[in-house]
Amino acid sequence: MLTPSRSLSQVTVCLLLLGVLGFAMSAQYAIGMPPLLKADEKQHAAYAIVLSQGVLPTIDTNTPADPVRYPQFAEALFGLDEPRRDVWVANHPPLFYVMSLPLVWLGDAVGGATGVGVTLLGMRLLNALGYALSIILVGLLARELVPRRRVVPVLSAAMVLGCGAVTYDGGAIYNDGWGTVAASLTLLLGFRMVREGVTRDRLIWATVAGVAAASFRSTGLVAVLVLGACVLAALWLRDPTLRTLRRGVVLAIRIGLAPAVVIGWFYVRNIVLYGDATASAALFEKFSRQTHGDTLFQLVNPELYLHLYGSLWADDVIPKIWILAAVATLAVTVTGMVLDVNAKARPRPDGVMRRVVIPGPEPTVLERRLEVAVRALMGIYCVIIIVNLASFHAGGGWIHARYAVPFLPVIAALTSLGILRVGRHWVRGVDEAVPDEEGIDLRITLYAGVGFIVSAMVAHLHIQQRIDGPADASWLIALIAADLVMFVVAAYVTAQLRRRLRPDGELFTVRSSGDRSPVAAVNI
């Protein structure tokens with residue numbers, strides 16, 4: 001199997017460019033949105049402030065509302081009922097808020113309303129960095145899912161950038177950005193072990209990432225569970241013996257014990273205080289939430305999945321017109337996947353039904369099994385997350401775009417494959433007799449990537465019209481400067497993608513994971 005090599009620098013550079021653009025867009029939102037505008041921002045920021053005072057808050061801890069010291073909070077909390085004046089996000093593990101402590105201390109040093117503003121903006125930018133890294137990691141995970149299509153990581157990251165809600169949520173004070181980074185990194189390292197083998201260094205780094213994932217959000221525990229399964233699969237598929245099975249079970253248990261030792265106390269605290277590890281029942285009771293059926297009903301309810309998918313383009317204040325972008329993307333994905341399956345079953349000599357021939361050595365039986373294992377493990381991760389989400393929604397929870405982010409690697413990979421297949425209707429090889437498959441993929445990726453960037457810019461401007469920014473002159477100057485920087489970065493990234501995505505670039509240099517010469521072709 002043609003395993004993506006670390007020497008494929010062009011892929012990495014393209015992902016970094018798209019991540020930088022994602023950060024620029026989220027940073028612009030962070031600067032332009034009024035303080036504490038988005039839902040839950042008040043509570044997330046208050047968590048860090050209370051923690052800086054040496055107190056680990058509970059869901060009933062009051063949000064600081066001193067109009068002299070915290071005027072932004074006093075204004076944002078005005079008129080809210082008592083439950084919504086509390087730090088009710090205190091059911092989350094504290095790692096993100098520990099990372100935010102230097103920003104709180106910096107704000108305290110500045111003092112006054114300006115100091116609090118520094119803290120709030122800093123926490124927004126911290127989350128923006130997390131979301132930008134998440135865009136890159138989505139591309140890397142897509143490469144693990146589809147290892148023989150070189151352009152899939154770039155196209156996947158561009159697709160995520162085009163989801164308006166992703167960069168919009170990146171500009172708010174949430175712990176989702178870094179929670180996604182840690183969980184995605186845990187999965188990525190686990191998949192690498194499946195493909196390349198289990199080593200001491202990989203185990204250490206994967207365990208560290210798993211501990212961080214569990215310390216950011218409770219959903220990180222699912223990534224730790226899948227990481228243990230990755231280690232077991234990596235060992236068993238190479239040596240299916242009882243001894244290997246015992247070793248894999250022992251390593252998986254050790255991986256699970258690491259977060260239990262480091263952050264397990266917090267989940268035990270939640271159980272003692274609220275009755276369950278995530279405090280979901282206590283929060284539903286606190287806000288008198290109405291149930292939406294049971295978990296099974298939600299799992300078979302198409303509206304849950306459509307709402308979850310559509311929220312990536314139209315969530316919160318984002319105009320509902322952008323649901324059309326979600327519909328168009330879904331239509332292209334489904335159409336492309338149907339055509340792809342049909343092309344493999346009944347290939348044609350040309351057009352969209354032509355079998356794709358990828359240069360490189362034919363994968364071995366083991367390599368195919370490892371590829372199937374990675375996809376199955378990613379599927380298990382998504383299934384567990386969706387079951388938890390269905391249970392949350394059934395209990396009375398709301399669905400936001402942030403909850404769809406864990407599914408983005410699969411969504412983006414499938415969308416990329418769909419676009420590559422449908423795009424063949426318009427893009428042709430240089431020589432029809434000898435199809436330039438990689439050149440076709442290049443052109444489709446470039447056109448679609450630029451299209452996603454343009455869509456992201458248009459959505460960004462549309463969303464801005466729905467946000468009332470501050471009237472302060474100095475803040476307005478900063479807002480205009482942030483807009484200019486964002487558009488300059490977008491223009492630079494577009495130009496760089498056009499330059500780097502070319503058939504004679506390193507992106508399309510054929511390298512195998514071993515010493516085999518790339519003579520054969522892979523038909524997919």
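The side chains of R124 and E41 meet in a salt bridge, with N and O 2.8 Å apart. A salt bridge here is a side-chain nitrogen of Lys or Arg within 4 Å of a carboxyl oxygen of Asp or Glu. R124 belongs to helix α5 (residues 112–145) and E41 to helix α2 (residues 41–52), so the pair ties together parts that are 83 residues apart in sequence. Helices are DSSP runs of H or I with at least four residues, numbered from the N terminus. Both R124 and E41 are buried, that is, under 20% relative accessible area with a 1.4 Å probe and protein chains only.

The model is predicted; local features need pLDDT of at least 70 and side-chain atom pairs pLDDT 80 or more, whereas totals for chains, interfaces and linings use all residues. Residues are numbered from 1 along each chain as its sequence is written, and side-chain values use heavy atoms, without hydrogens and water.

By the salt-bridge rule, the count comes to 18. Side chains of opposite charge can pair when their charged atoms come close. E144 is buried at 3% relative accessibility. R192 is buried too, with a relative accessible area of 18%.

A further salt bridge joins the side chains of R424 and D441, at 3.1 Å from N to O. R424 sits in the loop between α17 (408–422) and α18, and D441 in helix α18, so the parts tied together are 17 residues apart in sequence. R424 counts as buried at 2% relative accessibility. D441 counts as buried at 3%. Salt bridges with shared partners also join D40, D176, R217 and R402 into one network.

Helix packing was examined for α6 and α18. The axes of α6 (residues 152–162) and α18 (residues 437–464) come within 8 Å and cross at roughly 20°. Axes are lines fitted to C-alpha atoms over the stretch in contact, and angles run from 0 to 180 degrees between N-to-C directions. The two helices are therefore roughly parallel, a class for angles under 35 degrees. Contacts (heavy atoms within 4.5 Å) link V154, L155, A158, M159, L161 and G162 in α6 to T445, A448, G449, F452, I453, S455 and A456 in α18. These residues divide into nine nonpolar, four polar and no charged.

Notes: Parallel < 35°, antiparallel > 145°, perpendicular 65-115°, else oblique. Nonpolar A, V, L, I, M, F, W, Y, C, P; charged D, E, K, R; others polar. Buried < 20%, exposed > 50% of the residue type's maximum accessible area, 1.4 Å probe, protein only.
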